[in-house]
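Please open the model in the viewer and keep the selection panel at hand.

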Amino acid sequence: MSGSLIVVLTALDVEFEAVREKLDALRLHRHPQGTRFEVGRLAGGRCRIALGLVGKGNQSAAVLAERSIAEFAPAALIFVGVAGALHSHVALGDVVVATHVYAFHGGTSEDDGFKSRPRVWEVSHGADQIARHLARDRSWAGDLRAHRRAPEVHFGPIAAGEVVLNSTVSAHARWIRRNYNDALAIEMEGAGVAQAAHLNRALPVVVVRGVSDRADGTKETTDRERWQARAVANAAAFTAALAKNLAADERDRDRLEATGTKGSSQMSGTNRNIAKDNARVIVQAGHVQGGIRVSGEQAPPTDPDEAIAGLAARLQQARAAGHLDEDTYRAAQAELAAARETLQTTVPQDTGAVTLALKKVRGLVGDVAALAAEVASIIALVQGLS
């Protein structure tokens, strides 16, 4: 397997199964603390998915989201499941993608009532743009449109708390309406997942919810009419398409980092180099056909095992120079050793596992720009093997 890995988490078994049905080549991945993930690949694509079940509630979602991030160093995290709609224009079966998530249970209780003090997390700009482009394209719906009304995709706030809301007249429902009247849907895990992603260098996280009820007292009826299964199927279809796009975006970034290219790929026709002191201008060129080799410089390695060995030596130099602390150095070297062993012992080479180990290294050495860039170039080299 190859390509960028996306973690997908769910709360309910029916949600887990809806995503699992879209994966091929599944294998069990056991975490040392007992959590079991299933890792597979989306059919027909290079996107790898690590799928996990967190159970209900923001607390368990936060713990297992943190665990999955540490275990897989993913390109992004998607939480997918069902939710109750809070506005009439959001139909049963529609998909809601969170622009930001309210943790609505925060507050203070005073003599004159309960005062809301929510926490809010916004989706990253890049992930939001990818999701919106996908929604406009509408190809993600695929066969869904052949069987029933094509679901709409709505973008807006989602409220995440610790209760199942199934009333429009209860005190809790009135409080939600008063304080969070722009929320499109209500659920129980999004805030925990968003917090875990926020604490991991703002990892892109997207909360995708299929609308299975209206949070209005009719949940038993909509469940009996199988809206939960239909809503999950719609959310899973959007999630699969979104994961492919997020993984492709990550691969593009890896290639740009590896080549040192930012923005436009077009080179300027005019180059101006200034050499001071003992420096010399070796090559000044505009458009160049073919490769360039500068006398005295070594060509970059084309063998991943050789490149990883060179990186291991540079990590040792960085530790000696004080750029890496001992714990970071040892953790990065352990991941490099695992990557080399995988390259040498798997046939065909498990480039996905190697890429995962290298991404963990990139996260560890991210504060040392030269090392992070070197890791990115090796990731691109490994992905080129597939």
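How many residues lie between β7 and β8 in the hairpin that they form? The model is a predicted one, in which local features need pLDDT of at least 70, side-chain atom pairs count only at pLDDT 80 or more, and totals for chains, interfaces and linings use all residues. Residues are numbered from 1 along each chain as its sequence is written, and side-chain values use heavy atoms, with hydrogens and water left out.

Select residues 107-110, strand β7, together with residues 113-116, strand β8. The hairpin of β7 and β8 has two residues between its strands. The strands run antiparallel and are joined by four bridges; two strands pair if DSSP finds at least two bridges between them. Next, select E110, whose bridge partner in β8 is G113.

Move to residues 227-259, helix α8, and select E250 within that helix. Is E250 buried or exposed? E250 counts as buried because its relative accessibility is 6%, where buried means under 20% relative accessible area, exposed over 50%, and partly exposed in between (1.4 Å probe, protein chains only). Now display S4, A75, K359 and R362: E250 is in contact with these residues, its neighbours within four places in sequence being left aside. Contact means heavy atoms within 4.5 Å.

Finally, select the whole protein. It contains 12 helices and 12 strands, defined as DSSP runs (helices H or I, at least four residues; strands E, at least two) numbered from the N terminus. Of its 386 residues, 48% are buried. Among contacts between residues at least 6 apart in sequence, 74% join residues at least 24 apart.
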